[in-house]
Every structure is written in structure tokens, then in C-alpha cells.
Amino acid sequence: KDANAALLSNFEVYQLLTDLKQQRKESGKSKQSSGQQNLNTIMYETLKYISKTPCKYQSPEIVREFLVAMKDHKLTK
């Protein structure tokens, strides 16, 4: 499958952003360019919004169970 055409669930985006946030905390602070600051703002705003949704309480198992349950319906993107 084309990796550029894949859709991400809110859970996957939440996991990615929280992992990136944790990595940045562990690596320490360094001087950042304006482009990096813009990216940080986008990450912060996205994480702030998405953490108010149910995906915050989901797990990979729950998402997998949902996908299996929906498979019989043959839905498309």
C-alpha cells in the first residue's frame, strides 16, 4: 500500500504526538529555528484539541477490535 495515502486515526495521531512530546522532554532544550517553533505550536494545538476526544482513552486493542467488527460492512474511505 502507498504509505502517503494512508489515513491515520485520532488515536494514532494522539500516540505520535505524545511520543514526540516525551522524546523532546528527554532530549533537553536547545535553540530552535522559527520553523521549529511553528511546528511546536501546531503540535501543541493539535494535542490540546485531540486530548479532549475519546481517543485519549483508547488502546491499540480497542481500535483493532473496532476494525475487525467493521470489516463485514465493507466500508470504503
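Does L17 count as buried or exposed, and what is its relative accessibility?

A: L17 counts as buried, at 9% relative accessibility. Buried means under 20% relative accessible area, exposed means over 50%, and partly exposed lies in between (1.4 Å probe, protein chains only). A word on the numbers: this is a predicted model, where local features need pLDDT of at least 70, side-chain atom pairs count only at pLDDT 80 or more, and totals for chains, interfaces and linings use all residues. Residues are numbered from 1 along each chain as its sequence is written, and side-chain values use heavy atoms, with hydrogens and water left out.

Now place the residue. L17 sits in helix α1. Helices are DSSP runs of H or I with at least four residues, strands are runs of E with at least two, and both are numbered from the N terminus. Set aside the neighbours within four places in sequence, and L17 is in contact with M43, T46 and L47. Contact means heavy atoms within 4.5 Å. S59 is another matter: it is 42 residues from L17 along the chain, and their C-alpha atoms are separated by 15 Å.

Next, the two helices. Helix α1 covers residues 10-27 and helix α2 covers residues 34-50. They pack at an angle of about 130 degrees, with their axes 10 Å apart. Axes are lines fitted to C-alpha atoms, for helices over the stretch in contact, and angles run from 0 to 180 degrees between N-to-C directions. α1 and α2 are therefore oblique to each other. The cut-offs are these: under 35 degrees is roughly parallel, over 145 roughly antiparallel, 65 to 115 roughly perpendicular, and the rest oblique. The crossing of α1 and α2 is left-handed. That word applies if the near helix is turned anticlockwise from the far one by less than a right angle; clockwise would be right-handed.

Who makes the contact? On α1 the residues are N10, V13, Y14, L17, T18, L20, K21 and R24. On α2 they are Q36, L39, N40, M43, T46, L47 and I50. Sort them and you get 8 nonpolar, 5 polar and 2 charged. Nonpolar covers Ala, Val, Leu, Ile, Met, Phe, Trp, Tyr, Cys and Pro; charged covers Asp, Glu, Lys and Arg; the others, Gly among them, are polar.

Q36 lies in helix α2. Q36 is partly exposed, with a relative accessible area of 27%, whereas L17 is buried at 9%. Q23 is 13 residues from Q36 along the chain, and their C-alpha atoms are separated by 15 Å.

Now step back. The protein has 3 helices and 0 strands, and its elements run α-α-α from the N terminus on. Its radius of gyration is 16 Å, well over the 11 Å that the globule rule gives for 77 residues, so the protein is more spread out than a compact globule. That radius is taken over C-alpha atoms, and the rule is 2.2 Å times the number of residues to the power 0.38. The C-alpha atoms fill a box of roughly 50 × 30 × 20 Å along the principal axes. Of the 77 residues, 12% count as buried, and L17 is one of the buried residues. R64, in helix α3, counts as exposed at 51% relative accessibility.
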